[in-house]
Amino acid sequence: MEEKVEWKKAHYAFKSRWDSTDGNMCRHSMSFFLHKTIRADFFSSYLFLLEQLPLVKLFTLTSEVINGEMQFYARAKHFYEEVPATEEGMMGDFLELNSIDVESSSVFLRKFVGGPGKAETEYALDCGCGIGRVTRYVLLPVFSSVDLVDMMDNFLYEAFSYIGRDVRKVKDYFCVALQNLTPSIKKYDVIWIQWVTGHLTDKDLMEFLIKCKYSLKDDGVIIIKDNVGRQGCILDQSDSSVIREIEILRNIIAKADLEIICAEKQLDIPEQFVPVWMLALK
C-alpha cells in the first residue's frame, strides 16, 4: 500500500513538472505541439509501468507531429472507403467462410437466449454491422428488433436492400464510430460485436464495453467474435487494426468489470487464417 502511494506521489510530481513547462512555453510554436505529443507518450508509458496495463502502441513519433490515435482511426476509415458494400467486401474476399461463420455464430448465440435465466429475444444491437450480414443471417431469425451501427454510411444504405424483407424489423441505423457511440440504457438483450474490436484502442474498447454493459437488459449478454492472435498484439497497417492475444482481451474485459461466461474457438477455419474466438460477456 505504501509503495502504491509513493507511485502516486511520483506521478503527480511528474504531472506538475510538465504543467509548469507548458506554462513557460510559447503555445503557438511547433516545439509546443511536439512537447505535448511527447508528454502524452511519456504518460502512456508511465501508466503502463504503474498499472501493468497492456497498452497498444500505434505509431512512433515522426517529424510530422500527428496524434497517433486520430491517425489510427482515420486510416481505418480510409480503408473502408475502398471496401465494396457486398458480402465479399464484408468477408474480406473470403466469401467461402460465410456459411461456416454464420452457422457457428447462430449455435453460439442460442446458448444464451430464450429460457429461464437467459436473455430475451426482443432487441439486439449489431456493432460494426457493415451491410448487415450478421443481422440478416444470425440476429433477425432470433430477435424481434435489431439496431445497426457502423461508421460507413454507404454500408448502412446498402443494408436496407441487402437484408431483404425482414428489414422492417431493423428499427434504427446509427452512422457513428463505436468509440463515439453511447447505446441507450437497458435497451438490448444482446449486443453483438464482430470483427471490429481490433479497430478500437485498448482504452476505447474498455470504455465501449462499459457503455455496452449499462445498455443491457437484465440477463442480457455481450458477444464478441473476432480474430485473436496467438501471441502479443499485432498491428495490421493495411486496415489499421490490431489483433490481440486472448489474455490481452481478458484484461480489457476485466477492466470493464465484465466476466467471460463462455469462450469458444471457431472451428473449420483454415490453418493459415488467424484464429477466431467467440466470447460471451456479462
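A salt bridge is a side-chain nitrogen of Lys or Arg within 4 Å of a carboxyl oxygen of Asp or Glu. With that in hand, welcome to the views below. This is a predicted model, where local features need pLDDT of at least 70, side-chain atom pairs count only at pLDDT 80 or more, and totals for chains, interfaces and linings use all residues. Residues are numbered from 1 along each chain as its sequence is written, and side-chain values use heavy atoms, with hydrogens and water left out.

**View 1**
Helices (H or I, at least four residues) and strands (E, at least two) are DSSP runs, numbered from the N terminus. Of the 282 residues, 44% count as buried, meaning under 20% relative accessible area with a 1.4 Å probe, protein chains only.

**View 1. D126 in strand β1.**
Strand β1 spans residues 123-127, and D126 is found there. D126 is buried yet has no salt bridge.

pLDDT is the predictor's confidence in each residue, from 0 to 100. The chain has a mean of 83, with 76% of its residues at 70 or more. Over residues 51-67 the pLDDT is below 50, and over residues 25-30 pLDDT stays under 50. Where pLDDT is low, the predicted coordinates should not be read in detail.

Technical notes:
Buried means under 20% relative accessible area, exposed over 50%, partly exposed in between (1.4 Å probe, protein chains only). Contact means heavy atoms within 4.5 Å. Lys and Arg count as positive and Asp and Glu as negative; His and the chain ends are not counted.
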